[in-house]
Amino acid sequence: MTTGREAPPKARPRSPGRGVPLALLVPALVGLAFLLVPLLALLLRAPWRSLPEQLASPEVWQALRLSLFCATAATALSLVVGVPLAWLLARTDFPGRGLVRALVTLPLVLPPVVGGVALLLALGRNGVVGQWLDAWFGVTLPFTTAGVVLAETFVAMPFLVISVEGTLRAADPRFEEAAATLGASRFTAFRRVTLPLIAPGIAAGAVLAWARALGEFGATITFAGNFPGRTQTMPLAVYLALQNDPAAAIALSLVLLAVSIAVLAGLRDHWMRTV
Amino acid sequence: MPRSAHRSHRAAGLGAIALLTLSACSPSGSGSSSGSGGEDVSGTVTVFAAASLKEGFTELGERFERKHPGARVTFNFSGSDSLAAGINNGAPADVFAAASARTMRLVTDEGHTAGSPGTFVRNRLQIATEPGNPHRIDSLRDLTAPGLKVVLCDRTVPCGAAARTALTAAGVGLTPASYEQDVRSALTKVELKEADAAVVYRTDVRAAGDKVEGVEFPESAEAVNDYPIARLENAPNPSAAKAFVELVRSEEGRKVLGEAGFLKP
Amino acid sequence: MPKIPETLPGPAGAVPGPAPEGLDARLVVDRGTFRLDVALTAAPGDVVALLGPNGAGKTTALRALAGLAPLTAGHLRLDGAELHRTPPESRPVGVVFQDYLLFPHLTALDNVAFGPRCRGAGKAEARARAAAWLDRMGLAEHAGTRPRHLSGGQAQRVALARALATHPRLLLLDEPLAALDARTRLEVRAQLRRHLAAFEAVAVLVTHDPLDAMVLADRLVVVERGRIVQEGTPSDIARHPRTGYIAQLVGLNLYRGQADGHTVRLDAGPAVSTTEDLSGPAFVAFPPGAVTLYRDRPTGSSARNLWRCAVAGLETHGDQIRAELTGELSLAADLTTVAAAELDLRPGAPVWAAVKATQTHAYPA
């Protein structure tokens, strides 16, 4: 976590060797503390004694299962459409590309609740696109698990696109040219050369997107509503518990935290390490 | 929201826990304090009020400032629970108007109110439907019609708890499409025609104007919500607080709130 | 982005009846301030080197041949087939890139198998072919190695095998030896020469190193500022350089002037006496080793070419010192370290430079 060499501060004002400059170390530690202290507070104030009882509720596990499923599905969906989108932005030149890139990042600045309303207006039963989905296929998305996945994808995909596009820009495009001279079409070159080369960036982007999807609240509850087992994910359960049972909310938050830390650490060990 | 969480060096976490543990304890002697009947009503009076009171209280605030030219009213409209948590954590408020006796009790139990709170208005449930009530919903039982999408508030928020009570009283088992996090989002679903109906307070239906239509139902009498108001023990401006509470409880105050859909206590 | 015009100018009507074998190209690439316009022809079996300074447009020409840079105008025919509109993946062209661009996530074998696989071979067949190529390159035991674990010379050979595995009709090599250290370079240059000699189709290599060009190629095409300034066999070009750049490359002092009998009056500077008898525009060249330097004006020297100069710079080449001189004539002179010490040469020192007429070489411009 830290460098492990901040022990005697007075001994190293500016040591010439491998010392960490104070001008970097101090803000770094402040930043770390800023991120960790709230989490620490959560742990310190957690209702440890009533925790087993809180966690015995089947609703908790239902919400957790739904959260994990939806975040994973949203990540998968983001990968399927987000990676090609990132490629388009990084590797092709078309009029208005700058604008498109700005639009892709829009969900990052949009308050998620507004995103949820926008999704309702677009994909709702009465929405611009949604009314045709309903009329032609009998598909309505609000209040469904699919709706949760879509809402999470909406807010999480920009993280993936930005991450992958950045990796693509940093990757040498001449590998694709080399593939072309060997007879590979642009798609083959993408699939067999570019994709493996940017795999670490994709993995990082997917993890970001997954984490964002797991914590998603505003767009989800606005677009998909809140129904246990169908659309009530952990953040929704936490928020609603907070209304009249803060201890339960803290307990639920801890579960969400523990599971996400376990998953992220596991992923890092298993396949973020490669390349 | 201006000053809900200032002076929070008492650690918000502690307050949150205290909220749970202490609210379960027996009510201790509530703050019996001087209700200084001074006449000089001036300065700023800070009112923490349930979000549903926004329309009526804003109007009353303007009237109050006209009556007392030296005074200013600032409001913090939010969910009653978070307002109560804020007060219990030392937020500098003069008046607290809650949307339920339960949330007021969170504050009185901590001894933060001056005098005992009094109910100033009541609220009842209505069924909100699309304008013109195209599905011809006339009762709670009609909400169970197949294919009908109904949203309720989550039971953790007042309108959800009230709806549960009413549904139980009516003997209607209803599976909604969603338990919304607050009245506003429940209404939004009806306004956007994503849901066919929602069970909300009549004041909310009134505030939504002609975007939804309200349907009365008899079981709403079983789930009437009392709105208590109280001056606070640590009020920075006790005299103005007193004057504001008096305005709210006056005939004039009830009239203004009545226009917003509230019922007399 | 330059656009390819619908109809291309150029000697399109000059195509003879039977499809001619080999390469016939005129490459025009317009990039705002820079314009490349070179014509290249080569028969199967030819190894052509594009030689020129950095920024001359060699790599652009190579990319145009590979289809990686679009032609603004001109034509490109290979074995009679018009290729200028063909995308790179459909051209029978193999490329060895300067830094090889071996796919880092694939083994040497899969790198080589990549081309055959893309051109329709099954997985097993592609790998078998790749294995055969690696074997030919003496790399059989490195088949399973990732590029980052290959030495520079091995990587170069894998890159060559990868390019050859698709049986290209045109092999392009971009600075094939530039990424190698001096010792490896010697060895790889010899191997590459053998492989290129065995290659049955056209090979075009790009280099700024005259030695690479002369060792590897049958024919040199010298490009400067987007234009061909000279082409011919290595020995021809070495003997008759036509620009200062080439002369410098092959280690000659080269001047242009007007010949009149045994004298060439230089365009900028004095006259040079020669043994050849010429008239009209002419080049005159002499190697730096032919220059003799004196502290004081020599009296007994038979040399008629004597110029007053000053030392502009000194550079050590092995046990030789090369002196850059300015003055009446700018030239390079080679002398031994002993001689340099005796003359007390240092930048700014005045010297007399003499060259015997028999040491000069004049030829028509």
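# Close-up views of a predicted three-chain model

**View 1. Two paired strands of chain C.** In chain C, strand β14 (residues 305-317) runs antiparallel to strand β17 (residues 350-355), and the pair is joined over 6 bridges. This view, like those that follow, is taken from a predicted model. Within the pairing, W307(C) can be found opposite A353(C), which belongs to β17(C). As background for reading such a view, strands of a sheet pair through backbone hydrogen bonds, and the pairing may be either parallel or antiparallel.

**View 2. The open sheet of chain C.** The two strands of the previous view belong to an open sheet of 5 strands in chain C, whose order is β13-β17-β14-β15-β16 and whose pairing is antiparallel. Because β13 (291-294) and β16 (331-336) of chain C stand at the edges with a single partner strand each, one side of each of these strands has no neighbour in the sheet. If direction is ignored, neighbouring strands of this sheet are turned against each other by 45° on average.

**View 3. Chain C as the setting of the sheet.** Chain C contains 9 helices and 18 strands, and its C-alpha atoms fill a box of roughly 80 × 50 × 35 Å along the principal axes. Of the 365 residues in chain C, 44% count as buried. When contacts in chain C between residues at least 6 apart in sequence are considered, 64% of them join residues that are at least 24 apart.

View 4. The C-alpha atoms of chain A fill a box of roughly 65 × 55 × 30 Å, taken along the principal axes. Chain A has 275 residues, and buried residues make up 40% of them. Among the contacts in chain A that link residues at least 6 apart in sequence, 75% join residues at least 24 apart.

**View 5. Where chain B touches chain A.** Chain B and chain C, by contrast, do not touch, and their nearest C-alpha atoms are 48 Å apart.

**View 6. The nonpolar cores.** The largest nonpolar core has 213 residues, and those with the most contacts inside it are A198(B), V200(B), L65(C) and V204(C). Helix α8 (residues 145-170) of chain A gives the most to this core, with 14 residues. Apart from this core lies another one of 45 residues, which includes V73(B), A85(B), L106(B) and A260(B).

**View 7. The surroundings of L65(C).** Which residues are in contact with L65(C), leaving aside its neighbours within four places in sequence? They are A25(C), L76(C), V93(C), L170(C), L172(C) and V204(C). Two residues of this view, L65(C) and V204(C), are also among those with the most contacts inside the largest nonpolar core.

Note on methods
Residues numbered from 1 in each chain as written. Chains lettered and ligands numbered in written order. Predicted model: local features only at pLDDT ≥ 70, side-chain atom pairs only at ≥ 80, totals over all residues. Contact = placed C-beta atoms within 7 Å. Core = buried A, V, L, I, M, F, W, Y, C linked by C-beta atoms within 7 Å. Buried ≥ 20, exposed ≤ 12 C-beta atoms within 10 Å, placed from the backbone. Helix = DSSP H or I, 4+ residues; strand = E, 2+ residues; numbered from the N terminus. Pairing = 2+ DSSP bridges. Axes fitted to C-alpha atoms, helices over the stretch in contact; angles between N-to-C directions.
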